[in-house]
Amino acid sequence: MSSTLLSLFSQVADPRRGQGKMYPLAPILLFTVLAMLAGARSYRQVHAFIRTHLTRLNAGFGQSLRRTPAYTSVRFILRGLDTAEVERVFRQHAATLVAPPDAATTSPEDAAASPAVAIDGKTLRGSFDAFHDRKAAHVLNAFAIDSQIILGHMAIAVKSNEIPAAQDMIRALGLSGCLFTLDAMHAQKTFETARATGNHLLVQVKENQPSLLEAIRSLAANAEPAEAVFDRGKGRSRQEDRTVEVFPAGNALTETEWPPFVKTIIRVTRRTLLRSAATGMWAERGEVAYYVSSAAGLAATAWAAAIRGHWGIENRNHYVRDVSCDEDRSCIRDNPGIMARARSFALNILRKNGVTNVAQALWNGALSLDHILAYNAI
């Protein structure tokens with residue numbers, strides 16, 4: 001069978017000496033991703049997957065490995081790779097899985113049809129190395145909200161470096177006509193980067209921006225919203241009412257540094273009822289959150305979807321990686337970004353094939369190689 005991944009992996013530079021290339025790099029990378037689709041979580045499990053299915057893998061992908069590489073060989077090959085090389089082909093593969101924005105309906109001035117991309121960081125908690133005094137790796141991820149495709153990664157030294165890293169990420173992705181959603185730490189420079197690349201930004205405002213927060217609170221308290229929408233979500237022992245109100249920024253921010261960037265202010269009022277299983281009593285809690293965006297022209301329903309969609313990077317990426325893929329418990333400390341990207345390749349393939357229950361899909365892959373080979377985007 002033809003393989004997009006095999007073709008892409010053949011572009012990755014092999015750092016090994018000529019005498020050390022007993023096993024070709026591209027099929028080892030491909031088989032590692034396939035092992036991830038079967039639930040592999042370590043070098044040993046990748047080795048076990050290849051050993052179990054070597055004959056079929058050779059036949060299916062036109063390879064001629066005469067024997068399975070030892071798990072130490074798999075480890076040596078993978079941890080010796082250049083993370084930037086693997087990231088480059090990862091982004092090429094991810095770009096084939098998402099539809100580009102329609103240039104006819106999106107522009108830097110009108111975000112009404114802009115696809116939303118969430119950017120947020122995640123720590124690989126098990127990757128710390130006390131012996132070498134090395135902190136756990138922290139990786140910034142870009143996540144397409146609608147398609148649930150991971151678009152790219154960027155390694156950063158510490159969480160406080162997320163601001164410049166997010167700006168680099170927006171530039172490096174090469175996207176335009178998108179609405180990037182980020183958390184509250186991002187400030188004017190990130191808005192400038194989005195505008196320079198033909199994109200928009202949606203950011204929550206918290207106490208770290210006191211003058212901006214006070215100005216938008218005052219506007220929301222004294223002006224009628226241009227549009228509002230009410231939504232009710234119900235779950236087991238939980239009910240949440242959300243009201244999303246949209247205000248044009250107008251001249252409300254003239255006393256701050258924000259007028260060149262902020263076109264729209266959004267207030268989200270949440271009222272949540274939680275039922276105690278022990279007592280059967282309901283407890284109420286409330287929250288008011290504020291957001292600003294460089295975009296204008298979205299309906300209140302679209303703003304509500306973008307704000308809720310931002311947490312998809314937590315619920316459908318970070319949470320899935322930790323619970324279904326056991327990423328936080330991975331103790332790979334040498335070049336952990338390679339295995340993290342192998343998981344991302346696997347998750348993207350699953351999402352492209354419409355998988356919603358990742359844990360079940362990994363179990364199906366562990367039971368039968370046929371489930372894996374039937375996936376598109378391999």
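Residues are numbered from 1 along each chain as its sequence is written, and side-chain values use heavy atoms, with hydrogens and water left out. Because the model is predicted, local features need pLDDT of at least 70 and side-chain atom pairs count only at pLDDT 80 or more, while totals for chains, interfaces and linings use all residues.

Helix α2 (residues 25–37) packs against helix α11 (residues 336–352) at an angle of about 65 degrees, and their axes are 8 Å apart. Helices are DSSP runs of H or I with at least four residues, strands are runs of E with at least two, and both are numbered from the N terminus. Axes are lines fitted to C-alpha atoms, for helices over the stretch in contact, and angles run from 0 to 180 degrees between N-to-C directions. The contact (heavy atoms within 4.5 Å) involves T32, V33, M36 and L37 of α2 together with M339, A342, R343, F345, A346, I349 and L350 of α11.

G198, which follows α7, has a positive phi near 80 degrees.

Strands β2 (residues 137–144) and β3 run antiparallel and are joined by 7 bridges; pairing requires at least two DSSP bridges. N141 has H153 of β3 as its bridge partner. The two strands, β2 and β3, form a hairpin with 4 residues between them, and Q148 in the turn has a positive phi of about 60 degrees. Strand β3 (residues 149–156) is mostly covered, with 7 of its 8 residues buried.

Methods: Buried means under 20% relative accessible area, exposed over 50%, partly exposed in between (1.4 Å probe, protein chains only).
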